Amino acid sequence: MTEFGEGLKKVVKGEVLTDETALTTYSRDASIFIVKPQAVVFPKDTEDLERLVNFVRERKKKQPLLSLTARAAGTDMSGGPLTESIVVGFQKYFNRIKSVTAERATAEPGVFYRDFEKETLKHNALMPSYPASRELCAIGGIVNNNSGGEKSLKYGKTERYVESLKAVLADGNEYQFKALSPKELAAKVKQKNFEGKVYRGMWNLVKKNWQLIEEAKPQVSKNSAGYYLWNVWDPEKETFDLSKIFVGAQGTLGLVTEATFRLVPVTSKAKMLIIFMNDLTRLGEIVNTILPYKPESFESYDDNTLKLALKFFPEFAKLMGTKNLFTIGFKFLPEAWMALTSGFPKMVLQAEFTGNDDKELQRIINELQAKLASLKLKMRVAGSKEAARKYWLIRRESFNLLRNKIKDKHTAPFIDDVVVNPEKLSQFLPELNKILKQYNLVYTVAGHIGNGNFHIIPLMNFEEKRNREIIPELSHKVYDLVLRYGGSITGEHNDGLIRSPYLKQMYGEKMYRLFVEVNKIFDPEDIFNPGKKVGSSLEFAMSHMRRD
């Protein structure tokens, strides 16, 4: 172990790793970056976290680049949990589900969502803002990225469901954050400790700049960019809630140790309308026809994604719980036959309606089919949750298949999460395609079309210098287009290394300065995950792009 690792080992009860294998493993997430840390620490409890914060704070003057970066499952696509300093891994010990009822659940950041959901389903309840990586991701990432996914169209994102959380702040102490009444806020502001200083700073910032904050809020249904200052103060309810500023903050304000979520009841029935489009010119019209019927989920994926699913039958057989290739082949036979006779559709839309009244769901499906009949679309109905499962697998698993199966090129998530309002898609998408056609790229497009949220994933060879140069060039062009349409540069994947340099472009100088001030209020010594959200460097990000 290195001398640095030995010093850390004297501080914490948990494990400290400095071997090459560990540092290599924790130098990557699901993004295009490689950033090698100095050490990986698995804190055993909150006391370990408090000691880690004090360890860094005491050495900051001599080692100004020393910092702590939280990591849960490492599925982030933005480079959020990557650092050249200390990775704080929560999976090993902070992995307890503390309580679950039908209304709410409390869990630590290292809990896998798949395990969390098993417990909530026992109470016929769900935390509905899980992402497509639901089988791989953990609670810490869901909170710190403000995750959203297939149910966000109806239920919204994680910001709606965090009722309270605990976090270790820059003074090395753990605090709880939740909605406060004016009387409770007044008491906090009067405190003479670090918590009181944080509340005074945040209350003054929000009160003084409320008009700017309200005007800066992105007018789209999903956003993960910046700090969510507009969520902190609710003038109607007269509540002030700093838990809301931690959601989506990517660990830049403190180390979250637990979160309590509001849950929603699970519906018993589902019907899905699947639409196969050979021509995208009527896409906006179709989307705006379906949305008034309030689908729970409204997803999409392109022809490249569908080809991927048909190509990798064995992998989908395992995911669907069978090793029998004939069985899985039979399930995909209608799509395979359609491809043979009519060619691959340019895009597949899947609108799922849920409830407890089967007849009402069927009425909605019938009405929609009748309204869309004049467009001569190929449509199919999946009349149950089980029948819809194969379509969900295509939508959820395509990115993982791309990451693991395409050996000569790598997934390049950098324009992977743009959002515009759905009513603007008819004008926006042709302009987006025009920009993309300027580059000789192979890419897949999937996403939450009901929210106007697209995941564009190019496949690139990072050994080629020109491919690496394309990334900032294309990002700027796409984000400029998105912002002209009043959208957001990230709906659910957050800023990290890849998008933090573009926050000023999105919000403007005045709002960006507020983000800087927020960071200073919580983290005056730059202890937590520096270089994300504020103080970012596009040059640093590009210099740490993977080459293999």
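**View 1. Lys533 sits over the face of Tyr227.** The distance to the ring centre is 5.9 Å here. A charge counts as over a ring if NZ of Lys or CZ of Arg is within 6 Å of the ring centre and within 35 degrees of the ring normal. This is a predicted model, so local features need pLDDT of at least 70 and side-chain atom pairs count only at pLDDT 80 or more, while totals for chains, interfaces and linings use all residues. Residues are numbered from 1 along each chain as its sequence is written, and side-chain values use heavy atoms, with hydrogens and water left out.

**View 2. Lys92 over the face of Phe42.** This lysine, Lys92, is 5.7 Å from the ring centre of Phe42.

**View 3. Phe177 and Phe246, a tilted pair.** The structure holds 18 aromatic pairs (rings of Phe, Tyr and Trp, the last by its six-membered ring, with centres within 6.5 Å; planes under 30 degrees apart are stacked, over 60 edge-to-face, the rest tilted). In this one the centres are 5.1 Å apart and the planes at 40°, so it's tilted. Phe177 is in strand 9 (residues 174–180) and Phe246 in helix 10 (residues 243–246), so the pair ties together parts 69 residues apart in sequence. Both Phe177 and Phe246 are buried (under 20% relative accessible area, 1.4 Å probe, protein chains only).

**View 4. Trp203 meets Phe240 edge-to-face.** Their ring centres are 5.5 Å apart, with planes at 90°. Phe240 is buried, at a relative accessible area of 0%.

**View 5. A cluster linked by ring pairs.** Its members are Phe177, Tyr199, Trp203, Trp233, Phe240, Phe246 and Phe522.

Technical notes. Helices (H or I, at least four residues) and strands (E, at least two) are DSSP runs, numbered from the N terminus. Buried means under 20% relative accessible area, exposed over 50%, partly exposed in between (1.4 Å probe, protein chains only).
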